[in-house]
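Work through the exercises below with the sequence and the model open side by side, and try each task before reading its solution.

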Amino acid sequence: MKELLFSFISIILAVWLVGINVAAAITVIYDKFLSKKPRGSVMRIPEKSFIRFSMLGGGYGTLFAMFLIRHKTKSHNMLLFKIFLLFY
């Protein structure tokens, strides 16, 4: 019974981590898409959202997408985010 509960919790945790990382990566890619639009014509996704994703377990998906599409890699807040992710 104990092993069954442990495996169930492990599966739930794995599904959560995969899902939150995919959602974080999609959010970064969508924000990059929005950044190509004229300034002021669309509302962009705040950097706080990326940091919140990392706190929920999606930091690696956010970081992977940021470097994959070269989005917000020079921002000072994102530098703090990367340092936070190293120690998380």
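**Exercises on a helix pair**

In this predicted model, Arg 70, which lies just after α2, adopts a positive phi of about 55°.

**Exercise 1.** Determine what the span of α2 is between its end C-alpha atoms, and where its kink is centred.

*Solution.* Begin with the length: α2 has 23 residues, and a straight helix at 1.5 Å a residue would reach 33 Å. Finally, look along the helix for a bend, and a kink of about 130° is found in α2, centred on Gly 57.

**Exercise 2.** Describe how α1 and α2 pack, and which classes of residue make their contact.

*Solution.* First, α1 (residues 2-35) and α2 (residues 47-69) pack at an angle of about 55°, with their axes 7 Å apart. This angle makes α1 oblique to α2, and the crossing of the two helices is right-handed. The contact includes Trp 16, Leu 17 and Ile 20 of α1, together with Phe 50, Phe 53 and Gly 57 of α2, among others. Sorted by class, the contact of α1 with α2 comprises 15 nonpolar, seven polar and two charged residues.

Note on methods
Residues are numbered from 1 along each chain as its sequence is written. This is a predicted model: local features need pLDDT of at least 70, side-chain atom pairs count only at pLDDT 80 or more; totals for chains, interfaces and linings use all residues. Side-chain values use heavy atoms; hydrogens and water are left out. Axes are lines fitted to C-alpha atoms, for helices over the stretch in contact, and angles run from 0 to 180 degrees between N-to-C directions. Helices (H or I, at least four residues) and strands (E, at least two) are DSSP runs, numbered from the N terminus. Angles under 35 degrees count as roughly parallel, over 145 as roughly antiparallel, 65 to 115 as roughly perpendicular and the rest as oblique. A crossing is left-handed if the near helix is turned anticlockwise from the far one by less than a right angle, and right-handed if clockwise. Contact means heavy atoms within 4.5 Å. Ala, Val, Leu, Ile, Met, Phe, Trp, Tyr, Cys and Pro count as nonpolar, Asp, Glu, Lys and Arg as charged, and the others, Gly among them, as polar. The expected span of a helix is 1.5 Å times one less than its number of residues. The bend at a residue is the angle between axes fitted to the seven residues ending there and the seven starting there.
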